[in-house]
Amino acid sequence: MSESAPAGSPGRIELARVEDVPTEHGLRVKAGETWVALFKVEDEVFAINAICPHAGAFLDMGYMDGHTVMCPLHGWDFDVRTGESPSFGISTSCFDIEIDDGTVYLKA
Ligand code: FES
């Protein structure tokens, strides 16, 4: 992971290699001051805020059920595609990413 945009790639920040994103939970990476949780579901990668809006647990350590991650502390759930909670009517932020040659980039 890099915390700054790689040379020759303005407007995006390198986060991780696709093959390094697990499927049983997320991968936490830092982009500047922001913790990003990457999730891979059916070979697609999604990015949401890694910090649970309830009490600050890391959502990348949560439990996956399809496109939903359940917070490991108190069980709030979030759809990694939208950031919305199917059970609690709240949401967390999502990030725009792109995949280029097997690398996940955050669009700046
Ligand atoms: S910290 Fe995530 S549900 Fe409480």
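Contacts between residues 24 or more positions apart make up 40% of those in the chain with a separation of 6 or more, two residues being in contact if their C-beta atoms, placed from the backbone, lie within 7 Å. The structure is a predicted model, in which local features need pLDDT of at least 70 and side-chain atom pairs count only at pLDDT 80 or more, while totals for chains, interfaces and linings use all residues. Residue numbers start from 1 along each chain as its sequence is written.

The mean pLDDT of the chain, the predictor's confidence in each residue on a scale from 0 to 100, is 92, and 92% of the residues reach 70 or more. Residues 1-8 have a pLDDT below 50, and this stretch has 17 contacts in the model beyond near neighbours in sequence. Where pLDDT is low, the predicted coordinates should not be read in detail.

The chain contains nine strands and zero helices. These elements are DSSP runs numbered from the N terminus, with helices (H or I) of at least four residues and strands (E) of at least two. Along the sequence the pattern is β-β-β-β-β-β-β-β-β. The chain is as compact as a globular protein of 108 residues, because its radius of gyration is 13 Å, close to the 13 Å of the globule rule. Here the radius of gyration is taken over C-alpha atoms, and the rule is 2.2 Å times the number of residues to the power 0.38. Along the principal axes, the C-alpha atoms fill a box of roughly 40 × 25 × 20 Å. Of the 108 residues, 28% count as buried; a residue is buried if 20 or more other C-beta atoms lie within 10 Å of its own, exposed if 12 or fewer, and partly exposed in between, with C-beta atoms placed from the backbone.

Antiparallel β2 and β3 are joined by five bridges. Val29 has Val36 in β3 as its bridge partner, and Arg28 is bridged to Ala37 in β3. The hairpin of β2 and β3 has two residues between the strands, and Gly32 takes a positive phi near 65 degrees. On β2, Leu27, Val29 and Ala31 make up the covered face, whereas Arg28 and Lys30 make up the uncovered one. In a regular strand the side chains alternate between the two faces of the sheet.

Another open sheet has three strands in the order β1-β9-β8, again with antiparallel pairing. β1 and β8 (97-100) stand at its edges, each with a single partner strand, so one side of each lacks a neighbour in the sheet. β1 and β9 run antiparallel and are joined by five bridges, and Arg12 stands opposite Lys107 in β9. Four bridges pair β8 with β9 in the antiparallel sense, with Val104 in β9 as the bridge partner of Ile99. These two strands form a hairpin with two residues between them, and Asp101 in the turn has a positive phi of about 55 degrees.

The largest nonpolar core has 25 residues, of which Leu15, Val36, Ala37, Leu38 and Leu59 touch the most other members. Elements giving two or more residues to this core are β1 (12-17), β2 (27-31), β3 (34-41), β4 (44-49) and β9 (103-107). The most is given by β3, with four residues. Such a core is a set of buried Ala, Val, Leu, Ile, Met, Phe, Trp, Tyr and Cys residues joined through C-beta atoms within 7 Å.

Val21 lies in the loop between β1 and β2. This residue is buried, with 22 other C-beta atoms within 10 Å. Apart from neighbours within four places in sequence, Val21 is in contact with Ala16, Leu27, Leu38, Lys40 and Val45. Val21 and Gly56 are 35 residues apart along the chain, and their C-alpha atoms are separated by 21 Å.

Notes:
Two strands pair if DSSP finds at least two bridges between them.
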